[in-house]
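Subject: Structure handover

Hello,

Here is the structure I promised to pass on. My notes on it follow below.

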Amino acid sequence: MTTPRHDAHSLSIAVDGAPARTRIRLTGDFEPSHRLLFTEILRGALKTSAITELDLSRAGVFGSAAVAAIVDARRDVEQPTLVIRNPAPHIVTVLEISNLDIPVDTEDADEPGLPSSRPGYDQLIARSVTSGREAMCITTDELDSPGPEIVYVNPAFCALTGYSANEIIGQSPRVLQGALTDRVMLDRLRAQLEQRETFHGETVNYRKDGAPFFMNWKITAVDADDGRYFVAHQIDATTSVRATRNVAATALLRDAADHGEHERNQRLADALVAAHHMLLGAGSVGSEITAADTRRSGDTIDRSPAVYERARDSGPEIIESDLHAFELIVSADIDSREVRVVVTGLTSDHLKLTALDDHVGLVRLAASLAVG
Amino acid sequence: MIEHFEWETPHIDEVRTVRHQILDAMSASPAQTDCTFETALSELLTNAAEASTEAERETVLIEVHDTHVTVTNHSSTEVPDVAVPPADAIRGRGLAFVAALWPQTSWLASDGQITARMELR
């Protein structure tokens, strides 16, 4: 006597969505009438997530209607990262016959032996890439525009750049570049890749929303069965770049202060200019360190006293001096010395990349060194 | 014979209902069912419904026996082609699934109708 299994099984579709990964769990029997609804749900997940996992551990009947839904959902979506998890044996058979070329992941890979001897080794590697914190991007090897073409990005790349896999795959990494991207570095990148050398560099890239960030990346050419690809590993280096530049700028000021009193202020002023150049990577900088009663004016430093007062009392002052051009004004008083810095010729991208507190700190340090 | 059904004006939206009727009838037999059998049966019924719809909704005949289940429907082909269709083909996989999932299935064509016989275990 058999106990009908079907009584408790109508299909339920649970979706746990996120930009990096969406999990869809099917519970129960997949009937032909479920095809359209499931197609839309799966297509939506494939379009919006870097990775879509289809958990079939609780699926019952799963036949041609389900396969057709998967085929339909993938038809117009350039998203290769659909993974099927834990299918029952009958579903494995269906998938094998269908030849859909979808990775199947079973959670029984705890077998002894070296990693490469495990049946799930490729899946293990794939999972490491997809779950890693380091952004990864694979492109074709055409260096001339409009190439190279992005063929794969991992979820960390999507988190870093703001693009979904669906948006970025098929495009060129050039979409990440902008006004502050170092063209000399890009030339070096090209030259090294042409020589089949590994490239390692750092420059400004842009997220989907236009926000600039310092990107540290390494690119290696990898030969596969169907051709040559470039594999790039990228990290957001904005914090470390700022910290490194701040340390170097501070060192400049301290070196400048190590002189006799009669030349200290001029050296500090020069060092302050250099330090701000270092922090910003651009702009024309003017600075002066003076006793309050011996103020002098200069071409770049001549601004309204009220501006310096606001900068001194409330923090850095940013003024739009021209269309899309900005000035950064910082000021600090220590004892009877006043330090003023005006940075001109900045864009909003420079300001976004700059930690303004670093500039205040440098000005105050210069003021304190001038007193000494 | 345990039970005989006539599935009139078949449609694929009714596959679930008809499958449950068959499984309920089988509950009186010693045969065991599982997801593999149910998926194969579902594919067989889906194929029968589609074939009958194309033939202007001819009735599908279903018989549940102690040892086997038969599904008889109109067919414009003599023997079902259970070869696997191309990967990008949406339709035509059903009978290939039946053959792979439930190898104890045989087909007999006669007078414009085809009967699939699924042996039970």
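Strand 6 (residues 135-140) of chain A runs antiparallel to strand 10 of chain A, and six bridges join them. This is a predicted model: local features need pLDDT of at least 70, side-chain atom pairs count only at pLDDT 80 or more, and totals for chains, interfaces and linings use all residues. Residues are numbered from 1 along each chain as its sequence is written, while chains are lettered from A and ligands numbered from 1 in the order in which they are written.

Two terms first. Helices (H or I, at least four residues) and strands (E, at least two) are DSSP runs, numbered from the N terminus. Two strands pair if DSSP finds at least two bridges between them.

The sheet in chain A

Back to strand 6 of chain A. Its Thr139(A) has Phe230(A) in strand 10 as bridge partner. Strand 6 also pairs with strand 7 of chain A, antiparallel, over three bridges. There, Ile138(A) stands opposite Tyr152(A).

These strands belong to an open sheet of five strands in chain A, with the order 7-6-10-9-8 and antiparallel pairing. Which strands stand at the edges? They are strand 7 (150-153) and strand 8 (199-206) of chain A. Each has a single partner strand, so one side of each is left without a neighbour in the sheet. From one strand to the next, the twist averages 30 degrees.

Strand 9 (residues 212-224) and strand 10 (residues 227-236) of chain A are joined by 10 bridges, again antiparallel. Asn216(A) faces Ile235(A) of strand 10 there.

The helix across it

Helix 7 (residues 183-194) of chain A lies across strand 8, strand 9 and strand 10 of chain A. It runs at about 140 degrees to strand 8 of chain A. (Axes are lines fitted to C-alpha atoms, for helices over the stretch in contact, and angles run from 0 to 180 degrees between N-to-C directions.) Contact means that the C-beta atoms of two residues, placed from the backbone, lie within 7 Å.

Helix 7 of chain A has 12 residues, which should span 16 Å at 1.5 Å a residue. (The expected span is 1.5 Å times one less than the number of residues.) The end C-alpha atoms of helix 7 are 17 Å apart, which agrees. After helix 7 of chain A comes Arg196(A), with a positive phi near 60 degrees.

Chain A holds 12 helices and 14 strands. Of its 372 residues, 35% count as buried. (Buried means 20 or more other C-beta atoms within 10 Å of a residue's own, exposed 12 or fewer, partly exposed in between; C-beta atoms are placed from the backbone.)

Chain B has three helices and five strands. From the N terminus on, they run β-α-α-β-β-α-β-β. Of the 121 residues of chain B, 41% count as buried.

One residue in chain B: is Ser110(B) buried or exposed? It is exposed, because 10 other C-beta atoms lie within 10 Å. Ser110(B) sits in strand 4 (residues 105-110) of chain B.

Where the chains meet

The contact takes 26 residues from chain A and 29 residues from chain B. On the chain B side, helix 1 (15-26), helix 2 (35-54) and helix 3 (94-101) are the elements that give two or more residues. Helix 2 of chain B gives the largest share, seven residues.

Best wishes
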